[in-house]
Amino acid sequence: MTTLKQNPFVFGHLMDEFFPATATYYPPVNILEHEQGFNIELKVPGIQKEEINLQIDKGLLIISYQHSENKESKTEKFIKKEFSIKGFKRTFSLDDKINTQAIDAKMDSGILTISLPLKEENVAPKKIISIK
């Protein structure tokens, strides 16, 4: 399983520093391998599980979030607003050994955990062939 690069241009990261309103957010990821498969953990604090979209398309696991702007109060206005995540998209390629029908996800304390179980190996029983 490999991660696809999202933003290979250094210039884009420099622009994010100078213009944070246009900054692209990539939630930090842990990928764990175990006997039954893999787990992907994304750190997504403050985001509700109903707001996250998980889908598999053409061998890719796509995790995305798009924030719809709330109306600001008419009596208050922000002087500076730094903790606003407008959206993100992370994409992971899935190996053929992953059982895509059994992928599961759960959210706990701002950590989204996606379980990617391996397919069970169908090993044909050993057969002795007699020669006639």
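Tyr65 and Phe88: buried or exposed? Tyr65 is buried, and Phe88 is buried too; buried means under 20% relative accessible area, exposed means over 50%, and partly exposed is in between (1.4 Å probe, protein chains only).

A word on the model before the views. This is a predicted model, where local features need pLDDT of at least 70 and side-chain atom pairs count only at pLDDT 80 or more, while totals for chains, interfaces and linings use all residues. Residues are numbered from 1 along each chain as its sequence is written, and side-chain values use heavy atoms, with hydrogens and water left out.

**View A. The aromatic pair.** Rings of Phe, Tyr and Trp (its six-membered ring) pair if their centres lie within 6.5 Å; planes under 30 degrees apart are stacked, over 60 edge-to-face, and the rest tilted. That rule gives a count of one aromatic pair. Its partners are Tyr65 and Phe88, tilted, with 5.7 Å from centre to centre and 35 degrees between the planes. The pair links distant parts of the chain, 23 residues apart, with Tyr65 in strand β5 (residues 60-66) and Phe88 in strand β6 (residues 87-93). Strands (E, at least two residues) and helices (H or I, at least four) are DSSP runs, numbered from the N terminus.

**View B. Ser64 in strand β5.** Ser64 sits in strand β5 and counts as buried because its relative accessibility is 17%. Skipping neighbours within four places in sequence, Ser64 is in contact (heavy atoms within 4.5 Å) with Glu51, Ile52, Asn53, Phe88 and Lys89.

**View C. The largest nonpolar core.** A nonpolar core is a set of buried Ala, Val, Leu, Ile, Met, Phe, Trp, Tyr and Cys residues joined through side-chain atoms within 4.5 Å. The largest one has 16 residues, and Leu61, Ile63 and Leu116 touch the most other members. With neighbours within four places in sequence set aside, the contacts of Leu61 include Ile40, Ile56, Phe92, Leu94, Ile114 and Leu116. Also on the contact list of Leu61 are Gln55, Arg90 and Thr91.

**View D. A four-stranded open sheet.** Four strands line up in the order β2-β3-β8-β7, with antiparallel pairing; two strands pair if DSSP finds at least two bridges between them. At the edges are β2 (29-34) and β7 (104-108), each pairing on one side only. Neighbouring strands of this sheet are turned by 20 degrees against each other on average, direction ignored. Axes here are lines fitted to C-alpha atoms, for helices over the stretch in contact, and angles run from 0 to 180 degrees between N-to-C directions. Five bridges join β7 to β8, which run antiparallel, and Lys106 stands opposite Thr113 in β8.

**View E. Two loops with positive phi.** Most residues other than glycine have a negative phi. Lys58 isn't a glycine, yet has a positive phi of about 55 degrees. Lys58 lies in the loop between β4 (52-57) and β5, and counts as exposed because its relative accessibility is 79%. Ser109, also not a glycine, has a positive phi near 50 degrees. Ser109 belongs to the loop between β7 and β8 and is exposed, with a relative accessible area of 71%.

**View F. Asp57 and Leu94.** Asp57 is found in strand β4 and counts as partly exposed because its relative accessibility is 38%. Asp57 and Leu94 are 37 residues apart in sequence, and 9.9 Å apart in space, C-alpha to C-alpha.
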